Protein chains: 2
Amino acid sequence: MTDEQLTKVDTNRREVLFKTGETIFKSSGIQTHFICIQRGTVKVYLEDGKDKNILLRIAKPNEIISGPGFLVDHRHYLTATALEETTTCFVNVEDIKEVMRSNPEFSMELVKHQNEKIIRYFEKILSLTHKQTHGKIAESLLYLADHVYNNDFFETPLNRKDLADMSAMTKESAIRVLKEFEAEGIIIAGNHRFKILNKEMLRRISRTG
Amino acid sequence: MTDEQLTKVDTNRREVLFKTGETIFKSSGIQTHFICIQRGTVKVYLEDGKDKNILLRIAKPNEIISGPGFLVDHRHYLTATALEETTTCFVNVEDIKEVMRSNPEFSMELVKHQNEKIIRYFEKILSLTHKQTHGKIAESLLYLADHVYNNDFFETPLNRKDLADMSAMTKESAIRVLKEFEAEGIIIAGNHRFKILNKEMLRRISRTG
DNA sequence: AAAAAAGGATGATATATATCAATGTACTTC
DNA sequence: GAAGTACATTGATATATATCATCCTTTTTT
């Protein structure tokens with residue numbers, strides 16, 4: 001079961017359009033809906049209140065953006081911002097609860113889905129704490145190529161600070177690593193445009209950190 | 001609902017005794033059971049295959065140790081090791097699934113429980129990536145005092161490497177910070193014995209990093 | 001009780017990354 | 001098209017932490 005199936009939950013959902021840069025929901029806010037994306041991309045990140053964010057995920061069409069406040073305290077712990085013009089639909093959490101009560105398979109899919117995310121958070125924790133800048137940038141580029149754009153050549157609205165936020169480092173450090181990767185013929189890094197030239201090398205750098 | 005309620009799920013569970021240092025389950029292994037603790041304590045950590053672990057949690061009596069492989073691929077992504085002689089009971093994941101199918105409220109509690117963990121993982125990610133050594137050690141000491149031992153003076157089987165693993169740093173760095181905290185009169189750090197003298201100061205250090 | 005092993009601690013040095021300031025380029029607004 | 005703003009980049013320096021080796025203390029084993 002994919003996010004698409006969760007999307008089908010809500011027969012009376014409402015559509016909302018967000019412009020580039022607009023915040024869909026904000027950390028510490030009240031969580032009333034899950035958001036599913038119809039068109040566009042969204043960056044989902046942890047804020048620490050000091051402009052030192054951790055970008056956890058780029059959400060794409062047919063994906064759901066929820067959050068761990070569900071059933072806990074109904075607060076947002078993540079911030080979601082439209083990277084480009086994005087069409088979303090809002091799914092009321094009360095509807096989610098209703099379906100959970102009447103459809104046990106749905107709940108099991110939800111738990112499974114949460115666990116898949118937890119696995120990724122574990123990878124993130126290990127990566128961000130143990131790898132150095134080259135390993136982390138390599139991992140971020142591979143994530144974008146393999147899981148977001150499905151292409152070793154991709155255009156993206158992400159800027160250098162976004163890449164830095166994905167890799168737990170400052171913008172200047174991220175730029176230096178990208179420049180070194182270019183100098184070594186591993187990638188081409190343009191403005192909002194990347195091409196991976198030596199994927200094997202990138203994977204190796206990503207593994208060893 | 002607490003872990004205790006989850007524990008009651010299994011009427012035909014089996015008890016297992018682990019000696020100090022024994023591994024209850026190992027990352028990459030097959031997950032067949034959830035573990036609930038009856039007596040003793042367990043450290044639950046992420047392994048990266050290079051003795052650079054991240055210790056996520058100290059599990060206590062009446063707490064459950066599960067893992068995100070449940071319903072995904074049934075593999076372990078965490079390692080659990082007994083910190084002292086520990087009595088556990090094993091709850092078969094098939095039984096968990098059965099209860100989920102027949103008891104929607106149970107599933108909702110499970111989702112809630114997982115979300116509580118996700119919130120803590122988010123805090124961990126922000127803490128370990130943005131704070132410096134003093135902030136991280138302060139946070140680890142507060143976690144032990146407030147969430148594990150419920151006392152500002154506690155004895156613990158944890159050693160310096162364990163504290164370092166909780167704080168994503170090397171053993172030597174952890175020792176240096178503990179020594180500085182002692183020199184500043186913030187704590188007393190003995191072997192397997194800690195006393196927090198200035199909790200406000202520790203909190204402040206923990207917040208600012 | 002003695003020996004061995006494990007853990008705590010220290011000092012010196014190397015390395016990685018942040019910080020800061022400044023410049024150049026690209027994009028947006030008027 | 002010009003002005004203003006945002007972003008990318010660079011260089012120099014400061015700071016934080018890892019690494020390495022060694023020694024001391026505590027705990028475990030014989």
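Tutor: One term before we start: helices (H or I, at least four residues) and strands (E, at least two) are DSSP runs, numbered from the N terminus. This is a predicted model, where local features need pLDDT of at least 70, side-chain atom pairs count only at pLDDT 80 or more, and totals for chains, interfaces and linings use all residues. Residues are numbered from 1 along each chain as its sequence is written, while chains are lettered from A and ligands numbered from 1 in the order in which they are written.

Student: OK, DNA then. Which element gives the largest share of the surface near DNA strand D?
Tutor: That's H6(A), with 6 residues. Near here means that a residue's C-beta atom, placed from the backbone, lies within 6 Å of the strand.

Student: What classes do the residues near DNA strand D divide into?
Tutor: There are 3 nonpolar, 7 polar and 7 charged. Ala, Val, Leu, Ile, Met, Phe, Trp, Tyr, Cys and Pro count as nonpolar, Asp, Glu, Lys and Arg as charged, and the others, Gly among them, as polar.

Student: How many residues surround DNA strand C?
Tutor: 16, and the closest are Gln132(A), Thr133(A), Ser173(A), Asn159(B) and Arg160(B). H6(B) brings the largest share of that surface, 5 residues.

Student: New topic: how many residues of chain A are in contact with chain B?
Tutor: 31 residues of chain A, and they meet 31 residues of chain B. Contact means C-beta atoms, placed from the backbone, within 7 Å. On chain A's side, H3(A) gives the most, with 19 residues. By class, that side has 20 nonpolar, 5 polar and 6 charged residues.

Student: Why do you say the copies meet through the same surface?
Tutor: Because 100% of the interface residues of chain A are also interface residues in chain B.

Student: Last one: what does Leu141(A) touch?
Tutor: Not counting residues up to four places away in sequence, Leu141(A) touches Ile187(A), Phe194(A), Ile196(A) and Leu202(A).

How values were computed
Contact = placed C-beta atoms within 7 Å.
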